[in-house]
Amino acid sequence: MKRTWWKEAVIYQIYPRSFMDSNGDGIGDLKGITSRLDYLKQLGIDVIWLSPVYQSPNDDNGYDISDYQAIMKEFGTMEDFDEMLEEAHKRGIRIVMDLVVNHTSDEHRWFVESRKSKDNPYRDYYIWRDGKEDGSAPNNWGSCFGGSAWQYDDATDMYYLHLFTKKQADLNWDNPKVRQEVFDMMTWWCEKGIDGFRMDVISMISKTPEMPDGEVHDLYGDYNPYCVNGPNVHKYLQEMNEKVLSKYDIMTVGETPGVTTELAKQYAGEDTHELNMVFQFEHVEGNGKYGKWTDERVPLTNLKKILSRWQNELYGKAWNSLFWDNHDQPRAVSRFGDDRPQYREASAKMLATCLHMMQGSPYIYQGEELGMTNYPFQSPADFRDVESINAYKEWVEDGVVSHEVFWPCLLTKSRDNARTPVQWDDTENAGFTTGTPWIAVNPNYKEINAKAEMEDSDSVFHYYRKLIALRKENPIMVYGKYELLLEESEELYVYTRTLEEEKLLVVCSFTDKETEFTIPEEFAGCECMISNTGNAYEGGTVTLKPYEAFVLHKK
Ligand code: TEU
Ligand code: CA
């Protein structure tokens with residue numbers, strides 16, 4: 001397996017709107033990020049993945065871009081960006097940009113032109129179709145954020161495709177001019193000195209031209225078989241690699257909903273010349289009752305099965321990303337751990353251990369390193385996210401399910417859980433802003449905040465710092481081969497990593513009960529690399545505390 005810097009890197013995701021506000025308007029911004037680079041340096045991360053900072057009308061918080069070469073006014077200026085990049089580089093931190101090119105905002109210059117007339121030079125930049133004979137949408141596809149995936153447009157009496165909101169029009173990647181525009185824009189950013197791209201829904205850029213009706217699972221027809229991993233996606237990524245990516249020493253990660261391990265070997269294969277790594281979603285989706293909405297947990301055995309399959313099948317062939325949460329997911333500790341006060345810290349550290357010891361590049365979502373939790377939403381008016389707002393309307397207000405049934409699902413899975421401001425200290429608004437925050441601050445900021453955790457050597461923050469530092473000293477964490485033990489256990493996630501003579505035993509308890517565990521013979525007397533309890537074990541059968549985690553190192 002080739003050794004590369006991006007396999008060894010730990011990546012920290014910043015959702016700028018909620019990270020740090022520098023000017024009191026309640027919205028996080030670039031100067032805010034620059035002011036916290038020393039914090040990130042102390043944590044020890046190598047790379048920042050910056051969620052979109054481009055000009056945008058913010059229908060989907062920047063994932064609807066109206067100018068790829070301008071900075072969103074609320075976030076600052078291009079000078080602020082350059083300063084942030086320079087200051088990050090000074091500290092040895094790289095910056096990876098979010099590249100959202102499956103769609104643009106309907107306010108992007110290309111779309112403004114495209115919708116004007118059927119013979120506009122930009123017409124074919126987007127996906128236009130005639131309605132059915134009765135005037136209804138071209139097919140039954142539903143958009144990811146509710147409603148039809150087609151929007152009727154008066155000017156030319158045709159529909160355009162939007163897999164996300166109607167202000168996010170899908171680009172037509174089959175048009176070579178579109179590809180060239182995107183590649184030129186990417187080159188422009190690379191020349192500026194950025195360090196890579198996280199590519200939004202890149203598995204969805206190539207659509208099956210026929211576009212038949214999809215199977216109806218819940219409210220609308222499913223576009224997935226016709227839009228995800230479409231016919232030309234690999235061809236287009238290879239072209240992008242040849243024309244742009246291969247010219248720079250950058251990191252690329254494809255956000256690839258619907259990717260399988262087989263396909264990952266193509267998207268992110270060692271020698272396939274597409275991307276460096278993928279984000280796969282199997283462990284964070286799939287058990288929804290109403291579309292993605294559910295309040296149920298995935299059983300640990302399922303989680304292990306999924307993660308282990310990814311570990312084993314990609315080994316030596318392709319590279320994966322590791323994550324428990326991001327800006328689209330609930331908070332890790334609330335979802336996979338236990339956010340009750342007596343268990344929050346232990347379970348947050350346990351989850352970190354479990355993830356960072358696996359093979360792949362670990363991603364930390366802002367606030368995860370503090371063990372930040374889901375938000376206690378009280379009413380639908382608390383939500384800011386277009387997905388949550390639309391879902392409530394479509395499922396509850398339109399009478400599909402009752403408020404009582406749907407509400408716990410929204411609470412559990414709303415993306416806004418991840419989007420409340422980072423809790424910096426115990427002053428008003430958690431030190432995020434001196435103004436009124438655009439989304440409420442979690443009321444638990446007096447207990448959970450960066451300042452308090454930096455002062456406490458036993459905090460979740462310092463545990464993450466230690467894990468990140470260990471990765472730098474122990475190539476086995478990056479390159480060792482994974483093997484799952486105790487497949488059937490619903491309480492314990494135990495695995496080993498092996499690199500030549502060296503071996504790690506990773507033991508993680510996912511339960512609030514004490515559990516018995518027998519340390520395999522070969523690890524008896526081995527050094528403890530990290531532990532969230534401070535317990536030291538010689539070997540034999542031991543009683544683990546709730547959410548205990550430790551790693552033994554055989555050299
Ligand atoms: O998300 C795409 C994606 O995979 C969605 O299906 C995601 O699961 C969604 O948030 C459903 O809960 C990316 C971005 O990460 C997301 O923030 C954007 O809203 C979306 O693309 C459109 O650009
Ligand atoms: Ca601001």
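Predicted model: local features only at pLDDT ≥ 70, side-chain atom pairs only at ≥ 80, totals over all residues.
1. Strand β9 has antiparallel partners. Strand β8 (residues 150–153) is joined to β9 by four bridges, with Y152 standing opposite Y159. Strand β7 (residues 128–129) is joined to β9 by two bridges, also running antiparallel; here W128 has Y160 as its bridge partner. The hairpin of β8 and β9 has four residues between the strands, and in it D157 takes a positive phi near 55°.

2. A separate point concerns the parallel sheet. Eight strands form an open sheet with parallel pairing, in the order β13-β12-β11-β5-β2-β1-β15-β14. The edge positions belong to β13 (277–279) and β14 (321–322); each has a single partner strand, so one side of each is left without a neighbour in the sheet.

3. Within that sheet, β5 (residues 94–99) and β11 (residues 196–199) run parallel and are joined by three bridges. L99 has M199 in β11 as its bridge partner. Helix α6 (residues 176–192) packs on the sheet and touches both β5 and β11; the direction of α6 makes about 140° with that of β11.

4. Which residues of helix α14 (residues 403–413) are buried? They are F406, W407, C409, L410 and K413. These buried residues pack against three helices: α11 (332–335), α13 (386–397) and α15 (416–419). As background, an α-helix has 3.6 residues a turn, so residues three or four places apart point the same way.

5. G230 sits in the loop between α7 and α8 (233–243). Its relative accessibility is 9%, and G230 therefore counts as buried, the cut-off being under 20% relative accessible area. Leaving aside residues up to four places away in sequence, G230 touches S203 and S206. D82 is 148 residues from G230 along the chain, and the C-alpha atoms of the two are separated by 36 Å.

6. Y220 is in the loop between β11 and α7 (224–227). With a relative accessible area of 34%, Y220 is partly exposed. Together with L219 and V400, Y220 makes a nonpolar surface patch of about 230 Å². A residue needs over 30% relative accessible area to be part of such a patch, and the 34% of Y220 is the value to set against that cut-off.

Notes. Residues numbered from 1 in each chain as written. Chains lettered and ligands numbered in written order. Heavy atoms only, no water. Pairing = 2+ DSSP bridges. Contact = heavy atoms within 4.5 Å. Axes fitted to C-alpha atoms, helices over the stretch in contact; angles between N-to-C directions. Patch = residues over 30% accessible without salt bridge, like charges linked within 9 Å, V, L, I, M, F, W, Y side chains within 5 Å. Areas by Shrake-Rupley, 256 points an atom, 1.4 Å probe, with all protein chains shown as cover. Salt bridge = Lys/Arg side-chain N within 4 Å of Asp/Glu carboxyl O. Buried < 20%, exposed > 50% of the residue type's maximum accessible area, 1.4 Å probe, protein only.
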